[in-house]
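Dear colleague,

I am handing over the structure below, together with a short account of what was found in it. Please read the notes with the structure open beside them.

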Amino acid sequence: MFERAVDEFGRLDILVNNAGIQLDAAFEDLTFEQWQRVMDVNLTGPFLCCQEAVRLFKKQGIDPALSCAAGKILYITLFVDGGMTLYPGFETGG
């Protein structure tokens with residue numbers, strides 16, 4: 001994914017983490033597999049993307065014509081009212 005972006009645009013300047021899922025279930029009924037799927041999408045995915053983005057940002061260095069930073073990372077989260085047991089806590093990693 002990152003290689004394709006660099007091939008297409010020449011560099012990576014920003015990462016937008018906008019993936020997230022919710023699985024509505026009462027806490028006591030949530031299976032480990034459901035929990036793991038939410039963790040993989042909502043935490044592990046953004047973690048791995050951030051790692052790769054930072055590697056690219058450091059490799060590219062700062063282009064003062066674009067920004068005073070080597071790159072930027074933006075997280076988008078969602079709060080849903082009613083019945084939700086998992087997603088809101090992901091802003092802080094749990």
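To begin with one side chain, that of Ser67 makes a polar contact with the side chain of Lys72, at 2.7 Å; please bear in mind throughout that this is a predicted model. Ser67 is located in the loop between H2 and E2, and, once its neighbours within four places in sequence are left aside, the residues in contact with Ser67 are Ile62 and Lys72. With a relative accessible area of 16%, Ser67 counts as buried, because the limit for that class is under 20%. Although Ser67 and Asp13 are 54 residues apart along the chain, their C-alpha atoms are separated by 8.9 Å.

A second residue to look at is Asn42, which has its place in helix H2, made up of residues 32-60. Asn42 is buried as well, since its relative accessibility is 8% and the class takes in values under 20%. A polar atom of the Asn42 side chain lies 2.8 Å from the backbone nitrogen of Ile21.

Turning to the surface, you will find a nonpolar patch formed by Ile14, Val16, Leu74 and Ile76, which together have about 320 Å² of accessible area.

Definitions and conventions: Residues are numbered from 1 along each chain as its sequence is written. This is a predicted model: local features need pLDDT of at least 70, side-chain atom pairs count only at pLDDT 80 or more; totals for chains, interfaces and linings use all residues. Side-chain values use heavy atoms; hydrogens and water are left out. Patches are made of residues with over 30% relative accessible area and no salt bridge: like charges are joined within 9 Å, nonpolar side chains (Val, Leu, Ile, Met, Phe, Trp, Tyr) within 5 Å. Accessible areas come from the Shrake-Rupley method with a 1.4 Å probe; for residues, only the protein chains shown count as cover. A salt bridge is a side-chain nitrogen of Lys or Arg within 4 Å of a carboxyl oxygen of Asp or Glu. Helices (H or I, at least four residues) and strands (E, at least two) are DSSP runs, numbered from the N terminus. Buried means under 20% relative accessible area, exposed over 50%, partly exposed in between (1.4 Å probe, protein chains only). A polar contact is a pair of N or O atoms within 3.5 Å; within protein, one must be able to donate a hydrogen and the other to accept it, and residues adjacent in sequence count only if both atoms are side-chain atoms. Contact means heavy atoms within 4.5 Å.
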